[in-house]
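Thanks for coming. Please have the structure open.

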Amino acid sequence: MKEMKSDQKIMFILMAVLIISAAAYFLSSNTTSNMQNKEDETKIIFYVGDGCPHCENVKQYIKMNQIDKKIVIEEREVYNNKQNLEMLKLSAQKCGLSSSNIGVPFLVYKGKCYIGKDQAIELFEDVLGLRK
């Protein structure tokens, strides 16, 4: 068997480091993604707009029924926060909705979308068993 030259050894070491680094990056990003998906499965994302009266009605319902003490609700304001607006559009797209069919309040729970006050309240009632 031939002996490796020093240039070949360096190249071999660099390739090994590159492969190990790529594998570590892939595994860590996959784990982060899985953690995010699990987190999204256990909380309700609640998109609102500043000054939106229907959003305020839903917030009052949450407060009166102490829903935020029973399940994690992450509120995201979309009128003044472009990043949140983009996340809302992406969520709507995943639910098969076009951006012309969305508004606030808009909720996402376990990959399903709920639009408007009535659907929001029905979601809370279903998740928490409050339906009469």
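Four strands make an open sheet, ordered β2-β1-β3-β4, with mixed pairing. This is a predicted model, in which local features need pLDDT of at least 70 and side-chain atom pairs count only at pLDDT 80 or more, while totals for chains, interfaces and linings use all residues. Residues are numbered from 1 along each chain as its sequence is written, and side-chain values use heavy atoms, with hydrogens and water left out.

Strands and helices here are DSSP runs, numbered from the N terminus: E of at least two residues for strands, H or I of at least four for helices. Two strands pair if DSSP finds at least two bridges between them. The edges are β2 and β4, each with a single partner strand, so one side of each has no neighbour in the sheet. From one strand to the next, the twist averages 20°; axes are lines fitted to C-alpha atoms, for helices over the stretch in contact, and angles run from 0 to 180 degrees between N-to-C directions.

Now β1. It runs parallel to β2, residues 72–77, and six bridges join the two. Y47 has R76 as its bridge partner in β2. On β3 the pairing is antiparallel, over three bridges, and there F46 is partnered by L107.

Next, the helices. α2 lies across β1 and β2, at about 145° to β1. α4 lies across β1, β2, β3 and β4, and runs at about 130° to β4.

Last, the aromatics. The whole structure holds two aromatic pairs. Rings of Phe, Tyr and Trp (its six-membered ring) pair if their centres lie within 6.5 Å; planes under 30 degrees apart count as stacked, over 60 as edge-to-face and the rest as tilted. Y61 and F124 have ring centres 6.3 Å apart and planes at 20°, so this pair is stacked. Y61 is in α2 and F124 in α4, so the pair ties together parts 63 residues apart in sequence. Y61 counts as buried at 14% relative accessibility, and F124 at 0%.

Key: Buried < 20%, exposed > 50% of the residue type's maximum accessible area, 1.4 Å probe, protein only. Contact = heavy atoms within 4.5 Å.
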